[in-house]
Every structure is written in C-alpha cells, then in structure tokens.
Amino acid sequence: MEKDTLFEEGLKKSTKEEKTWEAVIEAVLFTMGNSVELSRLAVAIGQDENTAREAVLRLKKRFDTGKRGMQIIELENSYQMCTRTEYYENLIRVAVTPKKQVLSDVILETLSIIAYKQPVTKLEIEKIRGVKSDHAVNKLVEYNLVYEVGRLDAPGRPALFATTEEFLRRFGIGSTQNLPVADPVVAAEIRLQVEEELSDSSDLISEEDKKKVDFQEE
C-alpha cells in the first residue's frame, strides 16, 4: 500500500483499538528518544508493519494538526518523536545551549560528495575535490553526519563512508532517496570533468570493485 494512501486513511477517525495502538506507539517513541524502526513499532502493538505505519501516520497527523510542541518525523523507515525547530529559542532559555557545529564550505562540499556518491572512499573524495580531505571527513564523523559503513575489498581495504541518520534529521530529509536533484547540465559537466581527471589515474576504484564492499557487522 502506498504511503500517500496510508496518510489519507490516517485522516479518518480512529477506532478504540486503533487509538490504543497510537497510544502505545506514542509511549514507545517518547521513551526511546531516538528513532525506532517500523518493525519494532509493529512488535510493540502486536500487529504487522502496514498496520503500524497506519497508526504512526495517524499519530503524526494528530501532532501536526494539534500544533503541539512535539512532532513525529520519518527517517529511512524509522520514526522519531522530537521537538519542533520553531521552539528552539524557547527551549534554550531553560536548557543548556548545544555546542554549535560549524560546517565550513569545505566540510559542506565534502558532505555533499559523500551524500550523492555513498558509499565512497577518501580517495574518491580527494580525486573529486583535488585536495586532501582527511580533516573534513574526520569532522563529519565527529559531528555524526557520516560514518564508516564498511571497507572496500581492494588493496589496503580503504574505508567507505556514508551519511548517518543524524544527517537526515539535521537537513530535514526523510531518506537519501529524497536528496535534491542536481541540475542535469551542471551534473553532466561535473561528471565529465571528474572522469577526465581520473581517466589516467591507476588508483581509481571502479564501480565493480565498489560492489565488493565488506560491510561491518553491527
């Protein structure tokens, strides 16, 4: 069943049983704090994933229409309860102000490369940028925006980096599939430039090699 259809059904008045499921999911999301996979929410209410998705979407709708200070967001087939960004200024009046993480142009450029080419190695990032990227990648890891997803089955077993759930949350993206589409003309020019720069490099990692990723166990 399509997500939009489920959302439309979520507008209907809930039955007593459905309200109980919504209450359970609300309790789970509030207690866990972090994102909770749909499969775990289904276990919590003792129903299948489609039923759990319908329930969480109804709950999300109630939070949105009720103008509550909390909201429910979706992150790669997981859901999380969190405060609304518009109340940040009010929150820091009584809470400790979080340390500001500075994302410089260099760090943002590196993050963009990882987001659109993930999983990607430092070597590939450096070939595109033309300079060393150790500092930028390390900072992104420190900020929990990217992480080492595995290692390439190639000489030296270089680390492969991908974006984290925190990246999705920070930039308000539900999934990496929802990343903004780059202008096709600009993208083609960049791709051509990169291919020309890498064509003579014996260190270039092929797409075929990338398929041999040895992912780390969780």
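User: What makes β1 and strand β3 (residues 78-83) a pair?

Analyst: In this predicted model, β1 and β3 are joined by two bridges in the antiparallel sense. Pairing requires at least two bridges between the strands, so β1 and β3 count as paired. Within this pairing, V36 stands opposite Y79 in β3.

User: Why are β1 and β2 said to stand at the edges?

Analyst: The open sheet has three strands in the order β1-β3-β2, with antiparallel pairing. β1 (36-37) and β2 (70-74) each have a single partner strand, so one side of each is left without a neighbour in the sheet.

User: Which helix lies across β1, β2 and β3, and at what angle does it run to β3?

Analyst: Helix α2 lies across these strands, running at about 70° to β3.

User: Why are α2 and α4 called roughly perpendicular?

Analyst: The axes of α2 and helix α4 (residues 49-65) cross at roughly 75°. Angles of 65 to 115 degrees count as roughly perpendicular, and α2 and α4 are therefore described in that way. Their axes come within 9 Å. On the α2 side the contact involves E18, W21, E22, I25, E26 and L29; these meet T51, A52, A55, V56, R58, L59, R62 and F63 in α4. By class, the contact has eight nonpolar, one polar and five charged residues.

User: Why is α6 called roughly perpendicular to α8?

Analyst: Helix α6 (residues 105-117) and helix α8 (residues 134-142) have axes that cross at roughly 75° and come within 9 Å. The range for roughly perpendicular is 65 to 115 degrees, so α6 and α8 receive that label. The contact is formed by V106, I107, T110, L111 and I114 of α6 with A136, V137, K139 and L140 of α8. Seven of these residues are nonpolar, one is polar and one is charged.

User: Why is T31 called exposed?

Analyst: T31 has a relative accessible area of 62%. The label applies over 50%, so T31 is classed as exposed. T31 belongs to helix α2 (residues 16-32).

User: How do you know that the side chain of T31 makes a polar contact with A27?

Analyst: A polar atom of the T31 side chain lies 2.7 Å from the backbone oxygen of A27. The limit for such a pair is 3.5 Å, so this distance falls within the limit.

User: How far apart are the C-alpha atoms of T31 and M81?

Analyst: The C-alpha atoms of T31 and M81 are separated by 9.4 Å, while the two residues are 50 residues apart along the chain.

Notes. Residues are numbered from 1 along each chain as its sequence is written. This is a predicted model: local features need pLDDT of at least 70, side-chain atom pairs count only at pLDDT 80 or more; totals for chains, interfaces and linings use all residues. Side-chain values use heavy atoms; hydrogens and water are left out. Helices (H or I, at least four residues) and strands (E, at least two) are DSSP runs, numbered from the N terminus. Buried means under 20% relative accessible area, exposed over 50%, partly exposed in between (1.4 Å probe, protein chains only). A polar contact is a pair of N or O atoms within 3.5 Å; within protein, one must be able to donate a hydrogen and the other to accept it, and residues adjacent in sequence count only if both atoms are side-chain atoms. Axes are lines fitted to C-alpha atoms, for helices over the stretch in contact, and angles run from 0 to 180 degrees between N-to-C directions. Angles under 35 degrees count as roughly parallel, over 145 as roughly antiparallel, 65 to 115 as roughly perpendicular and the rest as oblique. Contact means heavy atoms within 4.5 Å. Ala, Val, Leu, Ile, Met, Phe, Trp, Tyr, Cys and Pro count as nonpolar, Asp, Glu, Lys and Arg as charged, and the others, Gly among them, as polar.
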